[in-house]
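I am opening my notebook on this structure and will write down what I look up in it, entry by entry.

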Amino acid sequence: MRRNVTRLINEYDILIVGGGNAGLCAAIEARETGLSVLVVDSATKFYRGGNTRHTRNMRCAHDTATETLSGPYTEDEYFEDLMRVTQGNTNEELSRLMIAESKTLLPWISRQGVKFQPSLGGTLSLGRTNSFFLGGGRAMLNSLYSTAEKMGVDVWYSSEVIDLKIIEGMFKSATITTNGKNITLKAKSLIAASGGFEANIEWMKEAWGDIANNFLVRGTPNNKGKVLQTLMQKGIETIGDPTQCHAVAIDARAPKFDGGIITRLDCVVFGVVVNLEAKRFYDEGEDLWPKRYAIWGRLVAQQPGQIAYIIFDAPCLELFMPSLYPPISALTVSELAEKLELDKQTLIETIDKYNKAVTPGSFNPFILDDCKTEGLNPEKSHWAQRIENAPFYAYPVRPGITFTYLGAKVNRDARIIMKKDELSNNMFAAGEIMAGNILGSGYAAGIGMTIGGVFGRIAGREAASFLNKKFIN
Amino acid sequence: MKVYIALYSKINQPTEHTSPALTEADRLMTICNSCRYCEGLCAVYPAMEMRRTFLDGDLNYLANLCHDCGACFIDCQFAPPHEFNVNVPKTFATVRSDTYQTYTWPSFLAPFFERNGLFIGVFSAFSVAIFIIIFVALKDMSALWSVQTGPNAFYRLMPHNLMVIIFGSVSVYVLLAIGMSIRKFWRDIDKNNKQIIKSDNLWRSIKDASTLRYLDGGGSSCYSGDNTNNDNRRLYHHFTFYGFILCFISTSVATFYHYSLNIVAPYEWYDLPVLIGTIGGIGLIVGPIGLLKSKLNRDLETQDKTRFGMDLAFLVMLFLTSFTGLILMFLRSSPAMGLLLAIHLGVVFSLFITIPYSKFMHGIYRFLALVRYAQERSKL
């Protein structure tokens, strides 16, 4: 670790808050121009890089198949996908820019030492569109850190930015708690890459009400949104709705924070999902799982107690990826209800009604098959099979918040926009903290990392060119 | 219905394991199997993905398939201090070392693995002493100090036939012991299949083993401490392994010279046995030193420190075999030859007879695991 203590009294050209994918991409780009760069991360070295640690791929446009990608993914197709998942709730200029830049992101990030592999087992549907990091997000992060440190980027761990001095849209200095002391660090430019605020339960409660107490946070406990909050107090323009986020249904038994990928459940499409009242509430077979998985976090959040139960029977047990916790199982539906502490009679009725509504069809988990129900509300439109073969299984699920969308509004230079649409002089934002510019709602796998990589690079480049121009003049 | 009920009992009763390390390995594989980020790093994770439950035999197989490059530890978002505490290299190192004991033949010798360093050390000293005693008994004290030169110089101290009888019977025993261990291991890791090994799978595993394909962390090479990689373990292992093979070939060529060509040792420096043996010997000096150095520099968090004695003993024995052999070659015309020959023979004797009870077995089991993996893959 390079920890240049003698520099503490000095100032850096560029201060980057947050050492995840976005922060590191910014650091590498800026450092390449010869400027001095400091990255501060509030986590310890192991937990560095926020949610990047838990990621596994990034969605980049590409014109041809590669060693690790099974086919082309054009800019237009990418844009269509983005429009579909966000229901048009995106800044078209910025998302088109991101998609165009994503093409060069892939070779660039490979040059920084990040290695890729073909799509992982159980994720075939992403094999064409998403590039998977060899060894996952932490391996990717390790490569970026190693490259950045070799270039001379300084990194401070366990260092938290607690205040920012901003005068008329101009960043002056930051107050940083490090080694138990508060220090003032001057920099000519600031890049905020400090993530969202999903781990700040109080903030989440302001947006969602008390139900946010029942949310689980899939990633880092460090994303408290303090830098975002400070920036908001100092007059930046925000974008996005505080309740919008990437949320999926994860195992209710997962730890409150940092459970990561292994608590996810891919079995919604194979069974029925009931709430605390033992009643169904949404079409489980609406679309292929990878296209629909991101709606289930919100769906469960809207249910009483913010909990739901995926119920399926024996033949489905091995149709999906295994997960960390074994399912709760019973030899009868009534016994299962007892174990789940659901009303027995209602659960039996729900399953009976569902079973009777299932129409014959030929089951195929890989396509939108013709197994559906008739006469139910809500219907199950695909993969509907009777739940009748003991043993019966259930997974309890809760909303697992991955990251929030409310953030700093930026322009195409990743430059922060202040109130009254004025551009900040020397402040930039990249990654989760500005994801709302692209994602008004909805999510498609791997977009978060693309936002971080693309806008991280832009922020690093723009911050550097702004300073370098200033020196020349 | 029956099938489902069987599944039910599998899900509801966690698999019983015979050791805490195996229980931990099962816990880790359940975590890793629901993550799979490390799938591209080596053979372990694709093999894991072919399973949903992990019996002792499965875990012993996976642990021996692991080449201990450490990449999955440094890449893991759930490694300690994370509460899931995922440390596959360390757990597998423990399981792997335990397998050497589990499959020892005859099984009452299994405790040799418990304090392996001490056992090998004492046994080697004992072997050297025995050879010195034999030399003295066959001749007298002068056997150790008198200058012997010309053809048959070695055999004047110990008749060739006696050497052949001693080392021949050791070889027969060692081959039997290894064979029985192989049988036990294979039966455990291939419980259900019992299939014939196809030649292309065998060839594939020979290639994977001889290139140490899976010791490169998926292309980032081995990890040592503090996120740095490339401690050259693969290179040093090649030095060691091929050095050993060359020494073995040298001995075989010498045997051929002796019986078929009637050319009797000691050989001149330009004779094949000496040339091959010297090159091999240098490999067996450089390799073990390099491996020991990287072992000492490695991230201790991923190491099973309790087995250090076994690892050290094996490296030291390989080193000594070569070292005493090379010294013998250089000083064979001096009065020290007798003693040096006794020491060299004692070390070689000890190395060979302890093969089934030393870390030597790691190569055998790992190769078998690679064969099993090639078999499994070809079925996909």
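**Terms and ground rules.** For classes of residue, I count Ala, Val, Leu, Ile, Met, Phe, Trp, Tyr, Cys and Pro as nonpolar, Asp, Glu, Lys and Arg as charged, and the others, Gly among them, as polar. I note that this is a predicted model, in which local features need pLDDT of at least 70 and side-chain atom pairs count only at pLDDT 80 or more, while totals for chains, interfaces and linings use all residues. Residues are numbered from 1 along each chain as its sequence is written, chains are lettered from A and ligands numbered from 1 in the order in which they are written, and side-chain values use heavy atoms, with hydrogens and water left out.

**Cavities.** I looked for cavities on a 1 Å grid over the protein atoms alone, where a cavity is a set of points at which a 1.4 Å probe fits but cannot get out, and lining residues have an atom within 4 Å of a point. Points are joined across faces, edges and corners, and a volume is the space filled by probe spheres set on them. I found five cavities of 30 Å³ or more.

The largest cavity has a volume of about 130 Å³, and of its 16 lining residues C32(B), C35(B), C38(B), C76(B) and V86(B) are the closest to its centre. For the elements, I take helices (H or I, at least four residues) and strands (E, at least two) as DSSP runs, numbered from the N terminus. The elements that give two or more residues to this lining are α2 and α5 (71-75) of chain B, and the largest share, three residues, comes from α5(B). By class I wrote down twelve nonpolar, two polar and two charged residues for the lining of the largest cavity.

The second largest cavity holds about 100 Å³ of space. Its lining has 13 residues, with C42(B), Y45(B), C66(B), C69(B) and C72(B) nearest the centre, and α3 (44-49) and α6 (88-102) of chain B each give two or more of them. This lining divides into ten nonpolar, two polar and one charged residues.

**Helix packing in chain B.** I next compared helix directions, using axes that are lines fitted to C-alpha atoms over the stretch in contact, with angles from 0 to 180 degrees between N-to-C directions. Helix α2(B) (residues 20-33) and helix α4(B) (residues 56-65) pack at about 80°, their axes 10 Å apart. They are therefore roughly perpendicular to each other, a label for angles of 65 to 115 degrees, whereas under 35 is roughly parallel, over 145 roughly antiparallel and the rest oblique. With contact meaning heavy atoms within 4.5 Å, L22(B), A25(B), D26(B) and M29(B) of α2(B) meet D56(B), L59(B), N60(B) and L62(B) of α4(B).

I also looked up α4(B) against α6(B), which pack at about 110° with axes 8 Å apart, so these two helices are roughly perpendicular as well.

In chain A I found an open sheet of three strands in the order β3-β5-β4, with antiparallel pairing, where strands pair if DSSP finds at least two bridges between them. The edge strands are β3 (57-59) and β4 (116-117) of chain A.

The peptide bond from A390(A) to P391(A) is cis, with omega near -5°, and another cis bond joins W105(B) and P106(B), with omega about -10°. Lastly, E168(A) has a positive phi of about 50° although it is not a glycine.

How values were computed: On a 1 Å grid over the protein atoms alone, a cavity is a set of points where a 1.4 Å probe fits but cannot get out, and a pocket is an open set with protein on both sides within 12 Å along at least five of seven lines; lining residues have an atom within 4 Å of a point.
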